[in-house]
Amino acid sequence: MEFLNDLFVNLSYWIHGFLARFLPLWAADLIMMLLTIACLIGFALATIMFINWLERKVMGRFQDRYGPNRVGPLGILQFVADAIKMFTKEDITPANADRVIFNLAPVMVVVPTFLVLAVLPFGRGMVAADLNIGFLYIVAISSLGTIAILLAGWGSRNKYSLLGGMRAVAQMISYEVPMVLSALGVIMLTGSLSMVSIVEGQSRVPFILLQPLGFLIYFISAIAEVNRAPFDLPEAESEIIAGYHTEYSGMKYAMFLLAEYINAFIVSAIAATLFLGGWQGSLLPPYVWFLLKAYAIYFILMWLRGTLPRLRIDQLMGLAWKFLVPLALVNLLVMGLVITLTQGKGLFSLVLASLVANGLIVAAVVIIYAFAIWRRRQVKVAA
Amino acid sequence: MLGLGILKGLSVTLRHFVETYLSDLKRFPRRYAPQGQARRLRPTERGIFTVQYPEERLEMFPRFRGALMQLTNPETGIPKCTGCGICARFCPVGVIEVVRAEEKRDGQYLPQSFTWDLSACLFCGLCVESCPFGALYHTPEYELSTYGRQRGELMYDLDRLLAWGQKYAPDGVPPVEKEK
């Protein structure tokens, strides 16, 4: 059991020790870093293949279909067929496109997604770089993807692409605010931005029990942040064809697809780390727990995609600025108050006070909405 | 409120998700419908809607306008067609060619040759409607693709159409007429 728990950590120690026997220490360290990077990229690619298959299967089931079931058993080799198709497709650059930007964007959109993987704790001690500003790093790096999407939209010299790019920027900037504000509650609880200490802070109770509202706000804004349904306005096919990747084909299009899927997985993984306790759990090895939690959240993402219709652009902005941002601010203030008041009073009182506070916030929101509806009716009657 | 609507929608999709697996369980060891004969789900039924085509086929309804067939009179054993050529005249694209035979048999004219060119047929059914002798009908046959049109595979002569007639209306009454 212990052996399985620390399998990968021990493996890395063993390889490092093996290399250090006939290489100088700095060379062994360098090789270990490169190996870690290779592992992360390999993990990302494997995840994309699996997620692509899983998503199509699950979406099929939601819509009373089978999903891919022809290539290989249960259609598991579908991604091979898709990859061959993508590789052999003609790579078109529009005549009037800004060639440099057009070709740069697909690369730029993938790089930040791989960078974010570096600070995710996959298990006990299984983190490529335990930055003490981990969450800040994630926020900073993941906003780089926005620039790439705007570049793609601008470089294509296509009205639909530009519209999609602009929408993506507006949406991502708007939703970054509530996302960070809701995650701040978690950071207040642990007192650290490091992803590893955030997970370790949840050894007794996962933060979703302390901040259900924060989790909800984070989850909604995270879906919008990675442009997934129901917030997939930047690529709304019924309005703007394929949005910012309208003009892309072949491998470049595959890069956008890749970034999209891995982003969705990373967002689920971050949600699992911040609110569900990351790799914490009993019986199973930590990395299995981490993947289970991340995929559970990813299932909810797919579930929402299979259920909800796309929002209008004004509804999207309204949800962010009129609802999520004020709610996140109130949540932040109340959580700060709760944490200060229950300091040194034990875990139970903290959980109880947090739940009561969250309930009060929800009740306040419901009352305000009810009042607003009542007011609207009164005004109508008067008119 | 919006939140309740979302929860309701989520429960609906989850029910569909689970029910597809339940319907899979019902025919568990098999993956396809028996004899490849799929049945379209009724609105009240739950489960997977997909017909897995090459393995499963839907049964066509009697009025389906598939390939043409020539009926045979079951009493005399000769074709009902008299080679009058009305179907050929009605055909908007001219894919039917009829030549009437010189001599009668059992007091009835017969076609010497009857060709139907599938490559241009638009399955409008005017030939079937116009036939005064009830000799020409549609079959439920819809898998009519071939690998080459140069070899005349798309030209259907009398024998092939009569063979289909024997197959789909052995008693001289096509499925459409039985439905009425």
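Analyst: B:Glu129 sits in helix α3 of chain B, residues 126–130. Helices here are DSSP runs of H or I with at least four residues, strands are runs of E with at least two, and both are numbered from the N terminus. The model is predicted, so local features need pLDDT of at least 70 and side-chain atom pairs count only at pLDDT 80 or more, while totals for chains, interfaces and linings use all residues. Residues are numbered from 1 along each chain as its sequence is written, with chains lettered from A and ligands numbered from 1 in the order in which they are written.

B:Glu129 is exposed, because it has 10 other C-beta atoms within 10 Å. The scale is this: 20 or more other C-beta atoms within 10 Å of a residue's own make it buried, 12 or fewer make it exposed, and counts in between make it partly exposed, with C-beta atoms placed from the backbone. Now take B:Gly5, 124 residues away from B:Glu129 along the chain. The C-alpha atoms of these two residues are 52 Å apart.

Domain 1 of chain B covers 2–58, and domain 2 covers 68–179. These bounds come from an automatic or database domain assignment. The C-alpha centres of the two domains of chain B are separated by 40 Å.

Two other residues of chain B deserve a look for their backbone. Most residues other than glycine have a negative phi. B:Phe123 has a positive phi near 55°, and it is not a glycine. B:Phe123 lies in the loop between β5 and α3 of chain B. It counts as partly exposed because it has 15 C-beta neighbours inside 10 Å. B:Asp106 also has a positive phi, about 55°, without being a glycine. B:Asp106 belongs to the loop that runs between β4 (96–100) and β5 (111–117) of chain B. It is exposed, with 10 C-beta neighbours inside 10 Å.

Next, the meeting of the chains. Chain B brings 11 residues into contact with 9 residues of chain A. Contact means that the C-beta atoms of two residues, placed from the backbone, lie within 7 Å. On the side of chain B that touches chain A, 6 residues are nonpolar, 5 are polar and none is charged. Nonpolar covers Ala, Val, Leu, Ile, Met, Phe, Trp, Tyr, Cys and Pro; charged covers Asp, Glu, Lys and Arg; polar covers the others, Gly among them.

A:Tyr66 shows a piece of this meeting. Leaving out residues up to four places away in sequence, A:Tyr66 touches A:Gly60, B:Ile48 and B:Thr50. A:Tyr66 is in the loop between α3 and α4 (78–88) of chain A. It is partly exposed, with 19 other C-beta atoms within 10 Å. Its C-alpha atom is 8.9 Å from that of A:Arg56, which is 10 residues away along the chain.

Helix α8 (159–190) packs against helix α11 (212–225) at an angle of about 150°, with their axes 8 Å apart. Axes are lines fitted to C-alpha atoms, for helices over the stretch in contact, and angles run from 0 to 180 degrees between N-to-C directions. α8(A) and α11(A) are therefore roughly antiparallel. Angles under 35 degrees count as roughly parallel, over 145 as roughly antiparallel, 65 to 115 as roughly perpendicular, and the rest as oblique. Among the residues of α8(A) in this contact are A:Tyr175 and A:Met179, and those of α11(A) include A:Ile217 and A:Tyr218. By class, the contact has 10 nonpolar, 5 polar and 2 charged residues.
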